[in-house]
Amino acid sequence: MKPLVRNAALNSYVEVSKSLGIDPRLLMKRVGLDPVGLVVQDRWISGVAVTQLLELSAAASRREDFGLLLAERRRFSNLGPISLVIREEPDVRSALELLLRHEYMYNEMLRSRLSEANGLATLKLSFKPGEAMAVRQSVELAVGAFHHLLRTFLGARWQPVSVCFTHSSPTDTGTHRRLFGPVVEFDQEFNGLILYAEDLDTPNPMSDPLLRTYARQYFESIAVSRGTTELDRVRELIEVLLPTGRCSIEQVAGSLGVDRRTIHRHLAASGETFSSLLNATRTQIAEQLVANPRRSLTEISGLLGFSAPSAFSRWFGERFGCSPRQWRLKRAEQQPFPAE
């Protein structure tokens, strides 16, 4: 399947687009993205569609700095669960290396490499969308995001030795100079940043040694492997889409940048159908939620994507042989839920 990125890649896209006088919904629909889906930050969407969207938006707004305007609004939390671990790493080097090592957890198109020589550290970035296409805005967004991240650790006054882009200079370099200072260069051999290697040894001011072990343990429990299968991808999307009430094979296919027949083919190869995987995932989540008495059955119904509690009760009865309330009472008798 085509490479994916997290919805968080489009953080502030709607706000920036509107501020520039372009219609974000119209452009998103043009590349097959669902504007409503942006509210779910951890949802995976087509990387090719995101790349196309950024280029279309730059053209429609006549702003060659569109990607940088998004980068400027980046927040630490946009990285997702890995941000919890990075902020507890002891120094900039370990935080950056961890982020690069697990880049596939937030962007499957991005390829990053850090090297050191002669007192300088070079961070090179490239994109692999899987097909020939313009990636200028995606590149500038990624470089800007890494620059912003490093300043989070090194302070607002920190400046790299050089900020490099392989593409030519825009007509107006105002935003580039404002964000990067006078060190930005175009028509270079790679996209990325050059900084002093000693900057990487700077202690992380956000780190709490007492929390570091807990953060690492949590991350190891949720970290996904590079060998994630298509079945895993679909299951993950089902979990994300269920609470939105919009969990369909069309929505999943759209997020993965393929058609529904491709989804059916990949699931069939694993002996599954979309319905069987949806029910299995729903069943697993239902067991966890119904066992917790602090969640109302109405709330659980919504989290599982049912339009009404009655529909949830009928489905639950077919799967478990009793009503959710009866199942909860039986579970409580066997293994009481721990009190807070």
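**Labels and cut-offs**

Guide: Let's start with glutamate 250, which is partly exposed at 44% relative accessibility. Ground rules: this is a predicted model, where local features need pLDDT of at least 70, side-chain atom pairs count only at pLDDT 80 or more, and totals for chains, interfaces and linings use all residues. Residues are numbered from 1 along each chain as its sequence is written, and side-chain values use heavy atoms, with hydrogens and water left out.

Visitor: Why does glutamate 250 count as partly exposed?

Guide: Buried means under 20% relative accessible area and exposed means over 50%, with partly exposed in between (1.4 Å probe, protein chains only). Glutamate 250 has 44%, so partly exposed it is.

Visitor: What makes glutamate 250 and arginine 260 a salt bridge?

Guide: That takes a side-chain nitrogen of Lys or Arg within 4 Å of a carboxyl oxygen of Asp or Glu. Here the closest N and O atoms are 2.3 Å apart, so the pair qualifies. Glutamate 250 sits in helix α11 (residues 249-256) and arginine 260 in helix α12 (residues 260-269), so the bridge ties together parts 10 residues apart in sequence. Helices here are DSSP runs (H or I, at least four residues), numbered from the N terminus.

Visitor: Why is arginine 93 called buried?

Guide: Its relative accessible area is 18%, so arginine 93 falls under the 20% limit. Arginine 93 also bridges to glutamate 116, at 2.2 Å from N to O.

Conventions:
Helix = DSSP H or I, 4+ residues; strand = E, 2+ residues; numbered from the N terminus.
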